[in-house]
Amino acid sequence: MRGLGCPVGIILTAGQKGDVPQAAALLGGRKADFVMADTAYDADHFRDCIAQAGAIAVIPNNPSRAKKLPLDKALYKE
């Protein structure tokens with residue numbers, strides 16, 4: 001499976017649906033070391049799903065997040 005910053009899945013929804021509600025379905029049992037996403041995907045339930053899959057979330061903190069979580073900035077930059 002290809003990663004390297006390229007999308008490996010897509011789910012089309014109506015624009016008002018938002019990004020993160022579909023995020024867990026995008027993982028779809030795929031194996032990964034890291035899951036990279038933008039700030040729109042910064043939600044505890046999605047981060048939990050990533051951790052349960054054995055991967056590390058590389059997602060910037062949403063500015064509204066009270067408790068900031070670590071981000072590997074070098075990896076995110078890649």
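Colleague: Is R65 buried or exposed?

Modeller: Buried means under 20% relative accessible area, exposed over 50%, and partly exposed in between, with a 1.4 Å probe and protein chains only. R65 has a relative accessible area of 15%, so R65 is buried. This is a predicted model: local features need pLDDT of at least 70, side-chain atom pairs count only at pLDDT 80 or more, and totals for chains, interfaces and linings use all residues. Residues are numbered from 1 along each chain as its sequence is written, and side-chain values use heavy atoms, leaving out hydrogens and water.

Colleague: Which residue forms a salt bridge with R65 at 2.8 Å?

Modeller: A salt bridge puts a side-chain nitrogen of Lys or Arg within 4 Å of a carboxyl oxygen of Asp or Glu. Here the partner is D42, with the closest N and O atoms 2.8 Å apart. D42 lies in the loop between β1 (34–36) and α2, and R65 in the loop between β2 (56–58) and α3 (73–77), so the pair ties together parts 23 residues apart in sequence. Helices (H or I, at least four residues) and strands (E, at least two) are DSSP runs, numbered from the N terminus.

Colleague: Where does D44 lie?

Modeller: R65 and D44 also meet in a salt bridge, 3.0 Å from N to O. D44 sits in helix α2 and R65 in the loop between β2 and α3, so this pair ties together parts 21 residues apart in sequence. D44 is partly exposed, at 47% relative accessibility.

Colleague: How many salt bridges does the structure hold?

Modeller: Three. D42 also pairs with R47, closest N and O atoms 2.8 Å apart. Shared partners join D42, D44, R47 and R65 into one network.
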